[in-house]
Amino acid sequence: PTFEEQAISFIGEPLYRAFIREYTRKQWGTDPKNLPASIIRRLPVRASYDINYFPDYRQGIPLTGYNSLFERLLDHPNISLECTVDWLDWRTRQDATLTAKPVFYSGPIDALFGYRFGALPWRSLRFEHETLEVADWQGTSVMNYTGADVPFTRIHEFKHYHPEDKETMARAKTVICREYPKTWEPGDEPYYAVDNA
């Protein structure tokens, strides 16, 4: 089935048209009929007030945030970190002993293989941040905008990611970020590979 057929089978045509179709067109830059069903299958569909993305019993955000989690993970004598390194250049200058060690590559998969089959079709994003003189602007961390009449797909309000942080929640200002999908061009950050043949 296509993305559209799968979505309609999950939630019916009225809800699909109201919440999914135009959002998907914006996000992926194509008609949902052109996308595989696997994209919509990863989204949870439930008839409850459970706000969690995954049904896992134990889930959450690290108490001090992801940055400090990764800082502690990387602060180990057996781990070295190199940022903004060209993968192909790095690979060619390594000796045989280094290549036996595990490497975590976090770049685009097509770049990992030297664009042997060309660049993948990607979607990119543009972010627009704004500081507002209100304590709470939207009441939640992320609000999706599904209509075709709105050019962005989401607005993030960061303070809601940690509602237990009473000091941050009490501030008279808040920061929001509008997320705009865009067609990827060389030089842009590739966010989502378009799943096609």
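Me: What kind of link is formed where the side chains of K182 and D188 meet?

Reply: Side chains of opposite charge can pair when their charged atoms come close. Here K182 and D188 meet in a salt bridge, with 2.6 Å from N to O; the term asks for a side-chain nitrogen of Lys or Arg within 4 Å of a carboxyl oxygen of Asp or Glu. Please keep in mind that this is a predicted model, in which local features need pLDDT of at least 70 and side-chain atom pairs count only at pLDDT 80 or more, while totals for chains, interfaces and linings use all residues. Residues are numbered from 1 along each chain as its sequence is written, and side-chain values use heavy atoms, with hydrogens and water left out.

Me: Are K182 and D188 buried, partly exposed or exposed, and which relative accessibility does each have?

Reply: The scale calls a residue buried under 20% relative accessible area, exposed over 50%, and partly exposed in between, using a 1.4 Å probe and protein chains only. K182 is partly exposed at 27%, and D188 is partly exposed at 22%.

Me: How many salt bridges does the whole structure have, and which residues are linked in a network of them?

Reply: A search of the whole structure gives eleven salt bridges, and R21, E22, R25 and D31 are linked in a network of such bridges. Another pair is E128 with R178, whose closest N and O atoms are 3.6 Å apart. Because E128 lies in strand 1 and R178 in strand 4, this pair ties together parts that are 50 residues apart in sequence. E128 is partly exposed, with a relative accessible area of 30%, whereas R178 counts as buried at 14%.

Me: Where do E133 and K173 lie, and what does their pair tie together?

Reply: The side chains of E133 and K173 meet in a salt bridge, at 3.6 Å from N to O. E133 lies in the loop between strand 1 and strand 2, and K173 in the loop between helix 8 (166–170) and strand 4, so the pair ties together parts that are 40 residues apart in sequence. E133 counts as exposed at 62% relative accessibility, while K173 is partly exposed at 44%.

Me: In which order do the five strands form their sheet, and what is the sense of the pairing?

Reply: Strands of a sheet pair through backbone hydrogen bonds, either parallel or antiparallel. In this model the five strands form an open sheet in the order 2-3-4-1-5, with antiparallel pairing; strands are DSSP runs of E with at least two residues, helices are runs of H or I with at least four, and both are numbered from the N terminus. Strand 2 and strand 5 are the edge strands, each pairing on one side only. Two strands pair if DSSP finds at least two bridges between them.

Me: How many bridges join each pair of strands?

Reply: Going along the sheet, three bridges join strand 2 to strand 3, where V142 stands opposite H156. Strand 3 and strand 4 pair over four bridges, and I155 has R178 as its bridge partner in strand 4. Strand 1 (residues 122–132) and strand 4 pair over ten bridges, with R123 opposite T183 and H129 opposite C177. Strand 1 and strand 5 (residues 192–193) pair over two bridges, and W122 stands opposite A193.

Me: Why is strand 4 described as largely enclosed by the rest of the structure?

Reply: Strand 4 (residues 174–183) is described in that way because seven of its ten residues are buried.

Me: How should I read the largest pocket, and what is its volume?

Reply: Rolling a probe the size of a water molecule over the atoms shows where empty space is left. The largest pocket has a volume of about 2100 Å³, and it is lined by 45 residues, of which L43, P44, I51, Y53 and N144 lie nearest its centre. A pocket is an open set of points, on a 1 Å grid over the protein atoms alone, where a 1.4 Å probe fits, with protein on both sides within 12 Å along at least five of seven lines, and lining residues have an atom within 4 Å of a point. The volume is the space filled by probe spheres set on the points, which are joined across faces, edges and corners.

Me: Which element gives the most to the lining of the largest pocket?

Reply: Helix 2 gives the most, with seven residues.
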